[in-house]
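Thanks for making time this morning.

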Amino acid sequence: MEVIQVDLESEIHREATIALGNFDGIHKGHQALIEGVVDMAKKLHCPSSVLMFTTHTKNTTEGISQELLTSGSQKHDILRSLGIDIIYEIDFTDEIMHMSPEAFVTKFLVDHLKAKGIVVGYDYRFGYKASGTVATLKSLCDLNGIALSVKEAVSYGGETVSSTRIREAVKEGDVELAQSLLMRPFTIRGTVVPGKQLGRTIGIPTANILYDAHYVIPKFGVYLTGVIVDGKFYYGATNIGTNPTFSEQEIKVETYLYDYHGDSLYGKSMDVALLEFIRPEMTFKDVEALKDRMNDDLELIRQQILKDEFTNKQINGRIL
């Protein structure tokens, strides 16, 4: 898979099918688009591609820092696993924001990116002030001889699958629902950095990660997690929160790895996949009370890990 940085002046010299969208999370609905663009590429005998903005469009259009479900590198990994040949990445600039729907399709997608086919979702909007609709896109594709596929909404549990719905599930600690909508566990990727080593002082060493993206913050508390570091899988007990017992303010993601006997983890990339919410964050009267509860948590989670039915239900080869 290639990752190509483009701008409005880029000249691509090979045709491709292109899926359009924000793709935060690359959830069950997004995957229908990806499957569609890969199938279209096979029929049209060209590479499949995705056009993604380097930052979420709401950062510019609404002046907010959008909470994310996936980092850039996670998107790359997931799209590669789904069979995408090319990722086109472009900055969401003021010039792009003010492009008319006609200019975006005709001048950029067709003339510069050589789009041979386009795949979008049923609610896709584009162009200045989101004035372009699916009907607009169909008209422009017909005019330019471009194939178009529009994917309908994907539902789960009687409701449409959306990034907003997944963010809400993560915030509520409902990681099982998030996993069903994403078709994999919600996963935080980051680099292991030194902490205050409080866990080590009480005999429970944890890895503290500096995360790679402005992730949506899960409900504070303790989770059973699946962890990948150095290409190997471990189960973990992860605490997400501010350590109120020590009156701290910074949100931390700290993980105890079961059966890890390797060298120092500092500086290594780590994926922490949230599999089950165990309990909410608590304030303890002293360090000893905290230590006792942590040991109880670790034993409870180890018992969960030993249950074959949990492993088969939650892992199922989908950790990313």
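I will go through a few of the salt bridges and where their partners sit.

Please keep in mind that this is a predicted model. As a reminder, side chains of opposite charge can pair when their charged atoms come close. In this structure there are 14 salt bridges, and I will start with the one between Glu-11 and Lys-114, whose closest N and O atoms are 3.7 Å apart. Glu-11 lies in the loop between strand 1 and strand 2, while Lys-114 lies in the loop between helix 5 and strand 5, so this pair ties together parts that are 103 residues apart in sequence. Glu-11 counts as partly exposed, at 43% relative accessibility, and Lys-114 is also partly exposed, at 27%.

Let me move on to Arg-189, which forms a salt bridge with Asp-77 at 3.0 Å, N to O. Here again distant parts of the chain are linked, with Asp-77 in helix 3 and Arg-189 in strand 9, 112 residues apart. Which of these two side chains is buried, and which is partly exposed? Arg-189 is buried, with a relative accessible area of 10%, whereas Asp-77 is partly exposed, at 32%.

Arg-189 also meets Asp-271 in a salt bridge, at 2.7 Å from N to O. That pair connects strand 9 with strand 14, across 82 residues, and both Arg-189 and Asp-271 are buried. Through shared partners, salt bridges join Asp-77, Arg-80, Arg-189 and Asp-271 into one network.

Notes
Residues numbered from 1 in each chain as written. Predicted model: local features only at pLDDT ≥ 70, side-chain atom pairs only at ≥ 80, totals over all residues. Heavy atoms only, no water. Salt bridge = Lys/Arg side-chain N within 4 Å of Asp/Glu carboxyl O. Helix = DSSP H or I, 4+ residues; strand = E, 2+ residues; numbered from the N terminus. Buried < 20%, exposed > 50% of the residue type's maximum accessible area, 1.4 Å probe, protein only.
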